[in-house]
Amino acid sequence: MSVVTRVRELGVEFLVDRLAAMAARGARTDPDRTLRRMMRLADLITTDPAWKAAVRGLMGKLDEGHPGMGVARKFLTHINPTMRSLLVRNLIVRETLLGADKRHALEERLGFYPPSTMVISPSMWCSLRCYGCYAGMYPKDESLSFEEVDDIIRQGKDIGMQFVVFSGGEPFAWEPLFDVLGAHRDVVFQVFTSGLFLDDDTVERIAGLGNVSPAISCEGFEEETDRRRGTGAFEKVNRAMDRLREAGVVFTFSATATRENLEVVTGERFVDHWIERGCLVGWYFSYMPIGRGPALKLMPTPEQRVELSRRLKQLRASKPIVLIDFWNDGEYVRGCIAGGRKYFHINSKGDVEPCVFCHFATDNIREKSLVECLNGKFFRAIRARQPYHPDYRRPCMMIDSPHVLREVVEATGAQPTHDGAGTLVREYAAALDEYARAFGQALVDGPVTKLDVTV
C-alpha cells in the first residue's frame, strides 16, 4: 500500500493528532530524528504547494546543519509539553499548513481572501510613558469589553483565523485578558508587552494555558532601555524572561530600531543576550513618526534601514533564533500585508485599522461585522493598490509610498482614529515623500558603511 493511499485511509485528522502528540512528547534522545519525522508528517498533511516547498526546504536546512534549526531543537527540548502540542496543532498545522486551503474556499463565499492574523488592542493604557509611543494618545478608560473581544475572535475563527496578536497599551493590564485566552484554547495568542507585569503568578498562568507567547519590548541594553522606559526596566525584562524560560514558555524579544539605537540592537552581542535568555524569535520594528510627540528625527535614516536588513540577514545565517524585520522583510511576502491582505488591527475604540501603525479607519467593529469591515471601501482601496511599488523592499504606504496613503484616505473618506494621526497626510507629507525617495536611492547605492555585526 502506498503512503498516499494510507494517508487517505487514515485521514488528515489522524495525522494532525499524531503530529501534536509527537510535539508533546518532544525529543528525549535525538532531536534531529524527531524533527525529520515531524516534517514528513507535515509534508503529508498539507496540499498547498508553497507550504510543501517550505517544509522540504526546512528538511534541507536540517540536513545541512543550518544554525537556524537550533530553534526547532530548543522547541522540542526546552518548551513545556502543553505549549508544544497546542502550537503545533493550532499554529503550525491549522493556521498554516491547512489554513491556505480553508481561506481559498472561503474566498469564493466572501468575495475576498481572508487574512490569517488580526491584532487587537483591547486597551491602550500602559504604565509607561515612552517618548514617541502612539499608545500615549488614548485615554485609560477607553477599552473593549470581554464580550466584544470574545465575539471578534469568534468571528475571526469563522473565517479561518487561529492566530491573534494582543497589543496596546499593556495587554496584561487589561483585566479580562486571561478570561479571553482561556476561552479560546484553539487559538494561539502572541501578546506584546513591556514585561513589567510578568510576575511569578502571571507566568504560571501563561504556562498552564499553553497557547500564549509573550513578546517583550526592549530598546537595547540597560542604558537604551532604561532611558526610554524608566530606571530598572531592563532588569525587570531580564527577570521576566528568566521566569518564562524556566516555565518552558515560547517567548520573543521585540526591538524598536531608531536612529539612536540601531547600532546596538543589530549587534551580535545584543542578539546573543536574548538567545541566552531563551528567546526563540526576535521582532524588529523601525520607529514610525506617530502617536504622542512623533519625531521624524528618531526614524532610522534610509541608509540605516538598508544596513538593518543586511545585518539581520547575516545574523539569521549564523544564530539559532528567528529574526523578523516588519518592514524590510516585505521582499519575502510580496510587499505590504496590511489592509486585511494578511493582517489588520482593531483599536480600543473598535476602529478597524489597516495596520497597527496606520491610524485611519472608515469602519468600527461595534457597528459592523468583521467581514463587513474587512470588505469595506477603505480596505478594498488599499488591497487594490498592493503592492504599492514593484520593489517589494519598499512595501509601506506610510513611509515608502506615502502618496498612496494620502490617495486612499481622500478617496474613501477615512478618518484619523486619534488626535494627531492626520499629521502623516498633512504636516509630514513633504518630509515623508523625501524619505521615500532617499530610501529608494539607498537601496540602489547600498549601505554607506559596512559595519561589523559584532558592534
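This is a predicted model: local features need pLDDT of at least 70, side-chain atom pairs count only at pLDDT 80 or more; totals for chains, interfaces and linings use all residues.

User: How many aromatic pairs does the whole structure hold?

Analyst: A search of the whole structure gives 20 aromatic pairs.

User: Why is the pair of F166 and W174 called tilted?

Analyst: The ring centres of F166 and W174 are 6.3 Å apart, and the limit for a pair is 6.5 Å. Their planes stand at 40°; under 30 degrees would count as stacked and over 60 as edge-to-face. The angle falls between those limits, so the pair is tilted. Both F166 and W174 are buried.

User: What makes the pair of F253 and F270 edge-to-face?

Analyst: The angle between the planes of F253 and F270 is 85°, and edge-to-face requires over 60. The distance is 5.5 Å centre to centre, within the 6.5 Å limit.

User: Why is this pair said to tie parts of the protein together?

Analyst: F253 belongs to strand β5 (residues 252-257) and F270 to helix α14 (residues 268-277), so the pair ties together parts that are 17 residues apart in sequence.

User: How do you know whether F253 and F270 are buried or exposed?

Analyst: Buried means under 20% relative accessible area. F253 has 0% relative accessibility and therefore counts as buried. F270 also has a relative accessible area of 0%, so F270 is buried.

User: Which residues do ring pairs link into a cluster?

Analyst: The cluster consists of F192, W283, F285, F326, W327, Y343 and F357.

User: What lies over the faces of F178 and F439?

Analyst: R205 lies over the face of F178, 4.0 Å from the ring centre. R305 lies over the face of F439, at 3.8 Å from the ring centre. The distance limit for a charge over a ring is 6 Å, and both values are within it.

User: Why is the protein called as compact as a globular protein of its length?

Analyst: The protein has 19 helices and 11 strands. Its radius of gyration is 21 Å, close to the 23 Å that the globule rule gives for 455 residues, so the protein is as compact as a globular protein of that length. Of the 455 residues, 58% count as buried.

Definitions and conventions:
Residues are numbered from 1 along each chain as its sequence is written. Side-chain values use heavy atoms; hydrogens and water are left out. Rings of Phe, Tyr and Trp (its six-membered ring) pair if their centres lie within 6.5 Å; planes under 30 degrees apart count as stacked, over 60 as edge-to-face and the rest as tilted. Buried means under 20% relative accessible area, exposed over 50%, partly exposed in between (1.4 Å probe, protein chains only). Helices (H or I, at least four residues) and strands (E, at least two) are DSSP runs, numbered from the N terminus. A charge sits over a ring if NZ of Lys or CZ of Arg is within 6 Å of the ring centre and within 35 degrees of the ring normal. The radius of gyration is taken over C-alpha atoms; the globule rule is 2.2 Å times the number of residues to the power 0.38.
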